[in-house]
Amino acid sequence: MVRKKPCVLACVTSQFECDRIIKTAEHIANEEECELRVLSVLQPTSDYSEIGGEIEYLYKVARE
């Protein structure tokens, strides 16, 4: 049987303010010695370029 390491999952939308969710989840993951994973929950659209800046920012925060 394969054992997977527990993780903390941070679900974010395309709002700049979601950076606090990522940072809080990172703090919890560090305390619990878990992995951190970030999931973007977005409404379907034909043009994601409208929210590209927000998504890039959150991706940067998650990578740090």
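**Reading note on the predicted model**

1. At 31% relative accessibility, Glu35 counts as partly exposed (buried is under 20% relative accessible area, exposed over 50%, and partly exposed in between, with a 1.4 Å probe and protein chains only). The model is a predicted one, in which local features need pLDDT of at least 70 and side-chain atom pairs count only at pLDDT 80 or more, while totals for chains, interfaces and linings use all residues. Residues are numbered from 1 along each chain as its sequence is written, and side-chain values use heavy atoms, with hydrogens and water left out.

2. The side chain of Glu35 meets that of Arg37 in a salt bridge, at 3.2 Å from N to O (a salt bridge is a side-chain nitrogen of Lys or Arg within 4 Å of a carboxyl oxygen of Asp or Glu). Arg37 is also partly exposed, with 44% relative accessibility. The structure holds three salt bridges, and the other pairs are Asp19 with Lys23 and Lys60 with Glu64.

3. In the pair formed by Asp19 and Lys23, the N to O distance is 4.0 Å. These residues are four apart in helix α1, so about one helical turn separates them (helices, H or I of at least four residues, and strands, E of at least two, are DSSP runs numbered from the N terminus). For Lys60 and Glu64, the closest N and O atoms are 4.0 Å apart, and both residues are exposed.

4. Helix α1 covers residues 19-32 and helix α2 residues 52-63, and their axes come within 10 Å and cross at roughly 15° (axes are lines fitted to C-alpha atoms, for helices over the stretch in contact, and angles run from 0 to 180 degrees between N-to-C directions). That angle makes α1 roughly parallel to α2, as angles under 35 degrees count as roughly parallel, over 145 as roughly antiparallel, 65 to 115 as roughly perpendicular and the rest as oblique. The crossing of α1 and α2 is right-handed, a term used when the near helix is turned clockwise from the far one by less than a right angle, and left-handed when anticlockwise.

5. Which residues make the contact between α1 and α2? From α1 come Asp19, Ile22 and Lys23, and from α2 come Tyr57, Leu58, Val61 and Ala62 (contact means heavy atoms within 4.5 Å). By class, five of these residues are nonpolar, none is polar and two are charged (Ala, Val, Leu, Ile, Met, Phe, Trp, Tyr, Cys and Pro count as nonpolar, Asp, Glu, Lys and Arg as charged, and the others, Gly among them, as polar).

6. Val38 has its place in strand β2, residues 35-40, and is partly exposed at 34% relative accessible area. Beyond its neighbours within four places in sequence, Val38 is in contact with Ala10, Val12, Ile22 and Ala62.

7. Two loop residues complete the picture. Thr13 lies between β1 (7-12) and α1, is partly exposed at 33%, and, apart from neighbours within four places in sequence, is in contact with Cys18, Val41, Leu42 and Leu58. Glu33, in the loop between α1 and β2, is exposed at 65% and has a positive phi of about 55° although it is not a glycine.
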